[in-house]
Amino acid sequence: MSVSDNNTADNGKRGWFTRFLDTVEWFGNLLPHPVTLFAMFAAAIVLGSGIAAYFDVSAIDPRPEGTAGRAADGVIRVVNLVSVDGLQRIVSNLVTNFTNFPPLGVVLVALLGVSIAEHSGLISAAMRGLVMGASKRMVTVTIVFAGVLSNTASELGYVVLIPMAAIIFHSLGRHPLAGLAAAFAGVSGGYSANLFIGTVDPLLAGFTQSAANLIDPTYIVGPEANWYFMFVSTFLVAGLGAFVTEKIVEPKLGKYNAAEASVDLGEQKLDALTHKERLALKVAGLAFVALLALLALSVVPQWGPLRHPQTGLVAGSPFLQGIVVFIFITFAIPGYIYGRIVGTMKTDRDVINAMAKSISSMGLYIVLVFFAAQFVAFFGWSNLGSILAVKGATLLQDIGLTGPMLFVFFIGMCALVNLSLGSASAQWAIFAPIFVPMLMIVGYSPEVIQAAYRIGDSVTNLITPMMSYFGLILAVAARYKKDLGIGTLIATMLPYTMVFFVGWVTLFYLWVFVFGLPVGPGSPTYYQFGG
């Protein structure tokens with residue numbers, strides 16, 4: 001084959017890939033802002049309830065007789081919100097829909113503790129110490145691993161770790177874009193995984209619980225619902241990310257030519273931890289271990305004060321119900337200790353300013369939650385969610401798609417939608433009221449459904465221009481390759497998406513259906529009405 005033939009083939013592939021990316025970007029740009037989207041959905045539910053009520057849409061309630069919320073005749077009927085009663089209900093509950101929405105308070109409380117650790121410099125120093133202290137042999141897996149852990153602190157991984165990883169790879173004589181890709185894979189592709197329960201866990205659990213309550217008003221989903229599975233997933237993502245980097249991405253990139261850079265790479269430097277920072281990390285680490293020991297002492301022994309007062313079990317205990325409080329404490333106290341030693345937190349004002357700064361950055365989230373709360377409430381009041389769940393579950397049963405293969409399709413659909421709707425909370429706020437009740441009727445627990453969603457939501461973060469930090473990653477990458485375009489970056493990250501999808505789905509299948517392990521503390525695999 002001649003050189004011209006090769007160029008023609010490359011152009012053909014580039015043209016197809018570019019068209020695919022253009023389609024994704026075009027479709028994503030058609031979508032309004034998530035806040036507007038939820039306002040439109042809420043309005044559509046109100047109007048849709050009027051239309052469905054006019055046509056007397058209904059479904060047979062599959063729940064056993066006597067279940068809370070079940071009608072005496074066993075029929076689920078649409079409640080018309082385009083009526084006097086509907087209008088009065090909307091006006092009377094608009095504020096309480098918002099203030100009582102499960103994700104709101106728990107996310108803000110958890111964020112207060114994380115903000116102290118973040119703004120004191122503790123999390124940043126821990127990431128630098130972890131990555132810079134790794135041996136050359138382990139640097140790749142350590143970078144991906146650190147990327148996954150960085151998700152406990154909002155934008156830290158994107159702003160700090162990804163540029164740092166590129167610098168580290170370049171200083172080792174490796175291709176800097178390979179380092180960038182490895183960190184990006186951990187931060188974004190492993191978004192849902194972590195060793196610790198972070199702010200994303202109560203956020204998603206709140207939406208899941210609200211959706212589960214459409215079927216079972218008493219069902220509780222805690223922030224710890226997926227902790228076991230996500231803990232193990234951290235090591236899976238780190239291993240797969242390192243494998244893809246060293247066996248696929250780095251060989252494809254080849255040897256780096258510094259002439260391709262758009263900046264003077266000689267000016268790049270990575271500051272090592274100072275003596276004071278290392279001391280502060282050690283003391284903060286000891287404080288963290290001491291806090292964990294105290295928590296274990298309150299839960300592990302049979303006489304533990306945070307066990308369930310009636311059953312004596314950990315399931316349903318004050319410990320699990322109040323786990324957001326412990327997230328706050330285990331981040332806030334070590335963060336404050338670190339800040340006192342290094343001088344970033346000298347007075348109570350520094351602590352307060354750190355918390356206020358993080359809360360002030362949540363303005364958009366609070367606005368989004370207001371409209372999302374109305375959408376979820378209207379969906380529940382109208383009974384459209386319950387009817388859709390019953391009809392959908394019946395369809396799945398009729399076509400025989402109720403076994404483990406169901407989750408492969410579900411995860412794939414979530415991954416596909418994530419290409420155009422990159423916000424994890426926005427996507428789950430839309431999906432949860434539909435799919436959680438539907439799959440509960442088929443027989444699966446909300447916790448397992450949520451775990452499956454988190455896989456799909458994570459793996460395509462790497463290849464969608466709709467991801468909020470994608471522009472930042474592109475700008476950092478362009479420093480090392482001045483003519484780098486969006487197609488090149490996505491083509492570099494595509495192997496991670498493919499390998500993560502296959503590996504993570506396989507782990508999910510083995511974990512849930514082969515070994516029958518719970519995805520989190522007290523999280524069942526299956527759901528039974530009246531159980």
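User: Before we start, what counts as buried here?

Analyst: Buried means under 20% relative accessible area, and exposed means over 50%, with partly exposed in between. Also keep in mind that this is a predicted model.

User: Ok, so is threonine 234 buried or exposed?

Analyst: Threonine 234 has 0% relative accessibility, so it counts as buried.

User: Where does threonine 234 sit, and what does it touch?

Analyst: Threonine 234 is part of helix 10, which covers residues 227–253. Leaving out residues up to four places away in sequence, its contacts are Phe145, Val148, Leu149, Ala193, Asn194 and Leu195.

User: Zooming out, what's the secondary structure of the protein?

Analyst: There are 21 helices and two strands.

User: And how many of the residues are buried?

Analyst: 51% of the 531 residues count as buried. As for surface, the protein exposes about 23,500 Å², with carbon and sulfur atoms supplying 65% of that.

User: What share of the contacts is between residues 24 or more positions apart?

Analyst: Taking contacts with a separation of 6 or more, residues 24 or more positions apart account for 80%.

User: Switching to helix packing. How do helix 8 and helix 20 cross?

Analyst: Helix 8 (residues 176–189) and helix 20 (residues 470–478) have axes that come within 10 Å and cross at roughly 160°. Angles over 145 degrees count as roughly antiparallel, and the two helices are therefore roughly antiparallel to each other. The crossing is right-handed.

User: Which residues make that contact?

Analyst: From helix 8 you get Leu177, Leu180 and Phe184, and from helix 20 Phe470, Ile473, Val476 and Ala477. By class, that's seven nonpolar residues, with no polar and no charged ones.

User: New topic: asparagine 213. Where is it?

Analyst: Asparagine 213 is in the loop between helix 9 (200–212) and helix 10. Its relative accessibility is 24%, so it counts as partly exposed.

User: What does asparagine 213 touch?

Analyst: Not counting residues up to four places away in sequence, asparagine 213 touches Thr218 and Tyr219. In C-alpha terms, asparagine 213 and proline 433 are separated by 9.3 Å, though they are 220 residues apart along the chain.

Notes. Residues are numbered from 1 along each chain as its sequence is written. This is a predicted model: local features need pLDDT of at least 70, side-chain atom pairs count only at pLDDT 80 or more; totals for chains, interfaces and linings use all residues. Side-chain values use heavy atoms; hydrogens and water are left out. Helices (H or I, at least four residues) and strands (E, at least two) are DSSP runs, numbered from the N terminus. Buried means under 20% relative accessible area, exposed over 50%, partly exposed in between (1.4 Å probe, protein chains only). Contact means heavy atoms within 4.5 Å. Axes are lines fitted to C-alpha atoms, for helices over the stretch in contact, and angles run from 0 to 180 degrees between N-to-C directions. Angles under 35 degrees count as roughly parallel, over 145 as roughly antiparallel, 65 to 115 as roughly perpendicular and the rest as oblique. A crossing is left-handed if the near helix is turned anticlockwise from the far one by less than a right angle, and right-handed if clockwise. Ala, Val, Leu, Ile, Met, Phe, Trp, Tyr, Cys and Pro count as nonpolar, Asp, Glu, Lys and Arg as charged, and the others, Gly among them, as polar. Accessible areas come from the Shrake-Rupley method with a 1.4 Å probe; for residues, only the protein chains shown count as cover.
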